[in-house]
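Reader: I'd like to go through this model with you and learn how to read its features as we go. Could we start with how helices cross?

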Amino acid sequence: MSLLFLILVVTNAYSQQSFTLKEAVQYALKNHINVKNAELEIYSAENTIKQVKAAGMPQINGQFQYTSNVIVPTQLVAAKNFNPQAAEGEVVKFKFGVPWGGQAGIGLNQLIFDATWLVGLKAAPVYRELAQRTVATSKVGVVENVMKAYYSVLVAEERSKLLGLNISRLDTMLRELKIMNEKGFVEKLDVDRLQVQRNNLVTETQKVENLIQLSYALLKFQMGMKQQESLTLKDKLSETDINQLQLPEYQGVDYANRVEYATLMTQKKLTTLDIERIQKGALPKVFFSGSLGAGHSNPRFNPFERWFGSSALTLGVQIPIYDSGLRKLQIQQQNINLTRIDQSALFLRESFELQATQGIISLKNGLETLKTQKANLDLAQEVVRVSKIKYQAGAGTNIEVVNAESSLKEAQTNYFAALYDLLIAKVDLDKAMGKLLAE
């Protein structure tokens, strides 16, 4: 019973899961380590915001100490202070203090006005925004990788199906040729040539099967799944879906949709606020402090007597007067950073336009290439069909059939390579246009 229970637990733990492309993307956005780590930045930002707020709240501290003055300090005092008749230069020794002393108390500090702290509060939502941008950047990368890995599996599986059909067709031809060879109508060499062709297809099929396994492993990794889990895909490639891939009407890139640009603009906000913080550092700071405590002095050890209370209230103002030009230099440095950000923003805008142009051209080329390769594939299939009929009718040769099969395999390989390139070009264009997360 225990063994059966263990088998059921293991089977349930790694049960087969099936995903559409959209479901695979959603799964990755919830489970990928990169996204989880990026989401920690949001918690970190919230923690930083709370720290800034707490710095302006009341700070209360208590303290207690009990001291043994092993050697009580001795001071020399002029004797005339106590005896006008004393000789000039005569001194008297005094011990200032007692062997035992103590301090206990509680203190309160409250910031009343600090312009730099107010700027920090104003920066709080910008810190939160920057953390969210970090998460979005991570998500874009995850979505891109999952989509490309998903398409890789789909294309490899479709290629495997066609190779299987090719082998099935060659098996039928081989059976017929063997019968014809036994009856003396064809040579053994014809059978061997076709057998070699079949063996090559079997080898090719095994390579594709290995590629499928590797593609599934990559997809699991990009989704954040355990390699031990079983995965199947719900979506299938169809000509209808492929024909729906059309060139979009290019109207320029909306930079706000590109997370890299939005992140840079958020960094610009923070830099501007940092300049404001430095500037307002020249304003006075006002604070309040209060203390309540007691002091203890005793010539003998007894911490329970001779405590004398004390209390103080303080309203303080700290006025910056001269900082040797440090503030000015700090502002200059931040202005340099602003210039760097503006130049980076210009570079990003130009790179986005280039990426979009490249994406459109790649998609256009992909559509044209796929159309050509599809026509070649159809033509190669027709050549195989006709070559087989001619050979069976005695009007063609076995070499023509073998060559036709080789051309068909090459056409299939080229077609699926073009199909994969087209799908990847669509993903790259969506990324360039800032639409990847919206998919």
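Reader: Which hand does the crossing of α2 and α4 have?

Author: This is a predicted model, so keep that in mind throughout. The α2–α4 crossing is right-handed. Helix α2 covers residues 21–31 and helix α4 covers residues 115–182. They pack at an angle of about 140°, and their axes are 9 Å apart.

Reader: How are α2 and α4 oriented to each other?

Author: Roughly antiparallel needs an angle over 145 degrees. At about 140°, α2 and α4 are therefore oblique to each other.

Reader: Which residues of α2 and α4 meet?

Author: Start with the general idea. An α-helix has 3.6 residues a turn, so residues three or four places apart point the same way. Now the case here: α2 brings L21, A24, V25, A28 and L29. From α4 come K139, V142, V143, V146, M147, Y150 and Y151.

Reader: And how does that contact divide by class?

Author: The contact of α2 with α4 counts 11 nonpolar residues, no polar ones and one charged residue.

Reader: What about α2 and α3, at what angle do they pack?

Author: The angle between α2 and helix α3 (residues 33–55) is about 50°, with the axes 6 Å apart. That makes α2 oblique to α3. On the α2 side the contact is made by A28, L29, K30 and N31, and on the α3 side by I33, V35 and K36. By class, the α2–α3 contact has four nonpolar, one polar and two charged residues.

Reader: Which residues of α2 are buried?

Author: L21, A24, V25, Y27, A28 and L29 are the buried ones in α2. Their cover includes β1 (17–19), α3, α4 and α5 (188–223).

Reader: Let's switch to aromatic rings. How is a pair of aromatic rings described?

Author: A pair of aromatic rings is described by two things, the distance of the centres and the angle of the planes. For this model, the count comes to eight aromatic pairs. One of them is Y66 with W100, whose centres are 6.1 Å apart and whose planes are at 25°. Planes under 30 degrees apart count as stacked, and Y66 and W100 form a stacked pair.

Reader: Where in the chain do Y66 and W100 sit?

Author: In distant parts of it: Y66 is in strand β2 (residues 59–68) and W100 is in strand β5 (residues 100–113), 34 residues apart. Y66 has a relative accessible area of 25%, so Y66 is partly exposed. W100 is at 24% relative accessibility and also counts as partly exposed.

Reader: What sort of pair do Y255 and F352 form?

Author: A tilted one, with 6.4 Å centre to centre and 35° between the planes. Y255 lies in the loop between α6 (239–243) and α7 (259–279), while F352 lies in helix α8 (residues 326–392), so the pair ties together parts 97 residues apart in sequence.

Reader: Are Y255 and F352 buried or partly exposed?

Author: The cut-off is what matters here: buried means under 20% relative accessible area. F352 has 1%, so F352 is buried. Y255 has 24%, so Y255 is partly exposed.

Reader: Now for some single residues. How exposed is E158?

Author: E158 lies in helix α4. At 19% relative accessibility, E158 counts as buried. Not counting residues up to four places away in sequence, E158 touches L237 and F416.

Reader: And where is N181?

Author: N181 is in helix α4 too. N181 counts as partly exposed at 25% relative accessibility. Leaving aside neighbours within four places in sequence, N181 is in contact with V186, E187, K188 and V191.

Reader: What does L437 touch?

Author: L437 sits in the segment after α9 (398–432). Not counting residues up to four places away in sequence, L437 touches A136, K139, V140 and V143. The C-alpha atoms of L437 and T137 are separated by 9.9 Å, and these residues are 300 residues apart along the chain. At 41% relative accessibility, L437 counts as partly exposed.

Methods
Residues are numbered from 1 along each chain as its sequence is written. This is a predicted model: local features need pLDDT of at least 70, side-chain atom pairs count only at pLDDT 80 or more; totals for chains, interfaces and linings use all residues. Side-chain values use heavy atoms; hydrogens and water are left out. Rings of Phe, Tyr and Trp (its six-membered ring) pair if their centres lie within 6.5 Å; planes under 30 degrees apart count as stacked, over 60 as edge-to-face and the rest as tilted. Helices (H or I, at least four residues) and strands (E, at least two) are DSSP runs, numbered from the N terminus. Buried means under 20% relative accessible area, exposed over 50%, partly exposed in between (1.4 Å probe, protein chains only). Axes are lines fitted to C-alpha atoms, for helices over the stretch in contact, and angles run from 0 to 180 degrees between N-to-C directions. Angles under 35 degrees count as roughly parallel, over 145 as roughly antiparallel, 65 to 115 as roughly perpendicular and the rest as oblique. A crossing is left-handed if the near helix is turned anticlockwise from the far one by less than a right angle, and right-handed if clockwise. Contact means heavy atoms within 4.5 Å. Ala, Val, Leu, Ile, Met, Phe, Trp, Tyr, Cys and Pro count as nonpolar, Asp, Glu, Lys and Arg as charged, and the others, Gly among them, as polar.
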